[in-house]
Amino acid sequence: MDIARILVVDDDKEIVKAIEKFLSLAGYEVVKAYDGLEALDALVKNNIQLILLDVMMPKLDGLSTTLKIREKRNIPIIILSAKSEDSDKILGLSMGADDYVTKPFNPQELLARVKSQLRRYMFLGDMGNVARASQTIIGGLFLDTDTKQLTVDGEPVKLTATEYKIIELLMTNAGFVYSAEEIYERVWNEAAYSVENTVMVHIRRIREKIEINPKEPNYLKVVWGIGYKIEKH
Amino acid sequence: MSSVTKAIAFILAVVSFTVVIVQLQYAIFRDVDPKFLLVEEYKDSEDYMYYLNDAMQTVVSIAEGSVEPQDSEFYYYISDGVKTYSNTKNTEKSFYEQYDSTFYWVENGFWSRGKNAKPSLSIYTSLDNKYTVYFAIPDEFMTEMQKKWDKSRTEALQIFLSIMIGAIVGLGIIIYLIIVTGRKSQDKELHLSRMDDIYSDVLLFAMISIFYIWIYTMYEISYQYRYQLRDYGNIFISEIDNNQIYLLIFIGIFSAVAIIFDIIIFLSLVRKIKARKLIKNSIIYKFMHKISSMISEFFKYLIDGSMFKGYPFTKVLFNRQLIFISTSAVLVFFTLVFISMESFIFLLFPMLEIVLIYLYLKGNKETYADINKGFSESLEEQMKAERMKVALITNVSHDLKTPLTSIISYIDLLSKEDLPETSMDFVKILSDKSNRLKNIVSDLFDLAKSSSGDMVLDFENLDLKKLIEQTLADMGDKIEQSELQIKTKLPDQPVNICSDGKKLYRIFQNIIDNALKYSLTGTRVFVEMEDKNGKAIATVKNIAGYEMNFTADEILQRFNRGDKSRTTEGSGLGLSIAESFTKVCGGDLQVDIDGDLFKVTISFPLSYKV
């Protein structure tokens, strides 16, 4: 496969330069743009596999640019923004972005997210849209209950039996919130008493295997004071 | 002046007065009359005059034939020239004449009397000319009556003396009690009893009521009973019967009780007079005082406009109100004057009042409009300032984060360069500090947002107990590394509240983080919760590993950290954020410091059960 080409868009030239530097260190090719219009232009002229997009930019802001791109293309878009509110993240993702990274970001984490998005893009391209009844796709997570196999962005994940059961329960019922007791009763098949810690330990381990940043999970979320869930994407 | 002396004096006073009353009643029952003391001789007494009168009338009646001749203690001789009536054989005038102090006769229709005889009313009774009447009372009878009179006198004098002595002793003791009440031998202070707190008029009313009931009962008993039993025939002191003895016992007890209460109340009033609070501590005074203060307040409200200085609108309202009320008062006055003069001019003044009210309302309407305008203007300004503040926070945050992004990114790139070891150390320091700066900016932003009230909240019903368990489980790694033990005491039942789960997680995370960071190594952190009085109350207690030389208020202030020198991670905003978030989420956070014990209490109202 060709080397992936990534479009970096930000009105702050130093930031673009820094991102270019560590992306190229990681072996990617970088195309630069400094506002929304330039980005759209660069997208036409180059064969781009992924876009890193700032929100607050002159001429055309990041969200509008995302909408424009989504009219024609399905390539991964990662938004970079100084706005850290939940509502900003939800807005960005609902505009069609695939991921949302807040500034100031950890370069290593950004790199991991770029890799993840690229792999997912390629992998899902391979899979097409053919999903059998035994298969569940949520974002980059791909679960096959026949083979009892979970892949994240195409990479198989090694899970213990208990972890697999938890993931299966939460993925096949995505969006549904389960309390620790419910998870325990369904997975361990025992009456639950004071199991919050036990369940949470497993949840933490699963997160470390499937999340890029386990502290800010994308998939396996805690609903505080209620339970746990994997959100529908 | 010891209390024993006082008690004895009190008992003596009660006994004396009771004796006086019982004696008085005894005197009434026995028909002891003051006349026995005043009149020495029976023949000078009124009783004798009544007797004499009666006797002479009897004689006249016999003479006129309306009464049959009869035997009697007195002597009489009646002759009309034809018939003669007498109860003695002596018909000579000289026989009767020897009793010169009791001798009365009729000749030629005229009454005459012996030279020592007292004038009797009966001598004005006219008799026909034909009658000759001689009348005299024998000395033996008079002597016997005098003996009885003397006996009554002696008894009456005894009773009178005992009453006098009792009254004097009683009054003396009362005077003594008046002097010593409220005083104690050990000091010169005035000691008031709890009873003296009762309003004076209440005490006085009670005293008078008891007295009135007593008097009324005494009147009913003494007079009605006395007349029922009275023997009219006996003009001297009568004997006492059993019923009257029982009554006397009853009167004694009843009076003693009444006297006890009245003396107690009376002494309380005396003490109040001594303490100069008789008048002040009375309902009437309080009432009058309230009224007078209301009146003075009324005039203060009416006239004192000092609080409106510097407030032109309300000052105008106040002045208008003053003019309105005083003019109205004048109009009412004139209305009454002309009504009393029965002149129809009085109708003019109510009309003037209507005009006045119209002007008043019109003026007020304009001023109110001005006030409304001013108020909405200042409100708008406030909103504008609020919006600017929020915009400022967002902009500053963005302006801080953008350069920080570059800094962090380039430090990361630097760390990948092939640098000498010392330079790598510097890069490491830069990396740590820039990460800390990132945390501070992020925390600062959260704090600013929550305290400016511009925070988006996602309220839902959740179980606070579960949330605490989740938080502790989530922080499991940190807790294990900390060499501290977490002791939990949570209820078995879910504790449901309505709040924002993510914010609550931040709150508890910050507080527990704080406890882990600043606790003395090897100690325990206590996380407890209970639902009490409709509230979910969670507490986190830990023993500080250093001396907490600050107050609970200081630690909640921004950027204040318990330990300024030792810790370099964290923003120092943890507790401030926790407090601010708690407020925003509808709860209350309180910090208590007791020696080395650091305690955070968070309370949320329980949500209604669905």
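Two residues are taken to be in contact if their C-beta atoms, placed from the backbone, lie within 7 Å. Among the contacts in chain A with a separation of 6 or more, 55% join residues 24 or more positions apart. The structure is a predicted model, in which local features need pLDDT of at least 70 and side-chain atom pairs count only at pLDDT 80 or more, while totals for chains, interfaces and linings use all residues. Residues are numbered from 1 along each chain as its sequence is written, and chains are lettered from A and ligands numbered from 1 in the order in which they are written.

Chain A contains eight helices and eleven strands; helices (H or I, at least four residues) and strands (E, at least two) are DSSP runs, numbered from the N terminus. Of the 233 residues in chain A, 39% are buried. A residue is buried if 20 or more other C-beta atoms lie within 10 Å of its own, exposed if 12 or fewer, and partly exposed in between, with C-beta atoms placed from the backbone.

Chain B meets chain A through 30 residues, which are in contact with 26 residues of chain A. On the side of chain B that touches chain A, two or more residues come from each of helix H10 (348–416), helix H11 (421–451), strand E6 (459–463), helix H12 (464–474) and helix H14 (501–518) of chain B. H10(B) gives the most, with 13 residues. By class, this side of chain B has eleven nonpolar, ten polar and nine charged residues. Ala, Val, Leu, Ile, Met, Phe, Trp, Tyr, Cys and Pro count as nonpolar, Asp, Glu, Lys and Arg as charged, and the others, Gly among them, as polar.

H14(B) also packs against helix H16 (residues 574–584) of chain B, at an angle of about 150 degrees and with the axes 9 Å apart. Axes are lines fitted to C-alpha atoms, for helices over the stretch in contact, and angles run from 0 to 180 degrees between N-to-C directions. H14(B) is therefore roughly antiparallel to H16(B), a term for angles over 145 degrees. The residues of H14(B) that meet H16(B) include Arg506(B), Ile507(B) and Asn510(B), and those of H16(B) include Leu575(B), Ala578(B) and Phe581(B). The contact of H14(B) with H16(B) has seven nonpolar, four polar and three charged residues.

Helix H8 (residues 283–303) of chain B has 21 residues and reaches 30 Å from its first C-alpha to its last, close to the expected 30 Å. None of the 21 residues of H8(B) is buried. After H9(B) comes Glu342(B), with a positive phi near 55 degrees.

Most residues other than glycine have a negative phi, and most peptide bonds are trans. Glu483(B) has a positive phi near 60 degrees and lies in the loop between helix H13 (476–481) and strand E7 (485–489) of chain B. Glu483(B) is exposed, with 11 other C-beta atoms within 10 Å. Asn533(B), with a positive phi of about 50 degrees, is in the loop between strand E9 (524–532) and strand E10 (535–543) of chain B. Asn533(B) is exposed as well, with 8 other C-beta atoms within 10 Å. In chain A, the peptide bond from Lys103(A) to Pro104(A) is cis, with omega near -5 degrees. Pro104(A) is placed in the loop between strand E5 (99–102) and helix H5 (107–127) of chain A.

Key. The expected span of a helix is 1.5 Å times one less than its number of residues. Angles under 35 degrees count as roughly parallel, over 145 as roughly antiparallel, 65 to 115 as roughly perpendicular and the rest as oblique.
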